[in-house]
Amino acid sequence: MRWREFAAACPELASVGEERLRGRELCLVGTLRRNGYPRISPVEPEFVDGELMLGMMWRSPKALDLLRDPRCVVHSVVSDREGSEGDFKLYARAVDVQDADVRRRYRETVKARIDWEPSEPRYHLFSIDVESAGFVVFGTDGYGLAWEAGGRLRRWEQRES
């Protein structure tokens with residue numbers, strides 16, 4: 001499901017996720033390489049017309065991975081080794097975006113944020129179809145949230161180890 005549908009189905013988790021992704025202006029995307037090994041790469045997330053979009057350099061390894069196998073994980077950037085800020089992740093499929101109007105709106109969104117935009121057609125653009133999501137905060141006040149399409153939000157408290 002598209003981001004707007006995910007946000008409607010699970011607003012608490014989508015709100016946390018959007019705050020983490022927008023706030024850092026960077027996330028990690030996990031893809032599968034041709035040989036089956038995972039690849040993890042940084043990418044700048046954008047929210048455009050209710051969609052979570054990932055733009056990538058033309059013919060970059062991560063983009064080629066997604067064109068071959070759209071399964072991916074999108075993970076918020078974590079900068080605290082204790083995990084107290086929490087980490088947000090989406091398990092999803094990347095959809096190659098070719099629609100000229102959507103690509104134009106994506107470029108306008110990027111331009112408004114960083115005063116630069118990619119040149120057509122020399123970049124890849126993917127919309128993220130969310131299948132499941134999670135958020136975990138570690139430490140004494142730790143907790144977790146998990147959601148799968150068609151399901152409801154599950155919450156748990158971190159146990160002392």
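The following questions and answers examine how residues are packed in this predicted model.

Q: Why is M53 called buried?
A: A residue counts as buried when its relative accessible area is under 20%. M53 has a relative accessibility of 2%, and therefore it counts as buried. M53 lies in strand β4, which covers residues 51–57.

Q: Which residues does M53 touch, leaving out those up to four places away in sequence?
A: Contact requires heavy atoms within 4.5 Å. On that basis, M53 touches E44, P45, E46, V48, V97, V102, Y106, L125, F126 and S127.

Q: What makes a set of residues a nonpolar core, and how many residues has the largest one?
A: Such a core joins buried nonpolar residues, among them Val, Leu and Phe, through side-chain atoms within 4.5 Å. The largest has 30 residues, and W3, F6, L13, V74, F88, L90 and I128 have the most contacts inside it. Strand β7 gives the most to this core, with six residues.

Q: Which core includes M53?
A: M53 belongs to a second, separate core of eight residues, which also includes V97, Y123 and L125.

Q: Why might nonpolar side chains be found together?
A: In soluble globular proteins, nonpolar side chains tend to be buried together.

Conventions:
Residues are numbered from 1 along each chain as its sequence is written. This is a predicted model: local features need pLDDT of at least 70, side-chain atom pairs count only at pLDDT 80 or more; totals for chains, interfaces and linings use all residues. Side-chain values use heavy atoms; hydrogens and water are left out. Helices (H or I, at least four residues) and strands (E, at least two) are DSSP runs, numbered from the N terminus. Buried means under 20% relative accessible area, exposed over 50%, partly exposed in between (1.4 Å probe, protein chains only).
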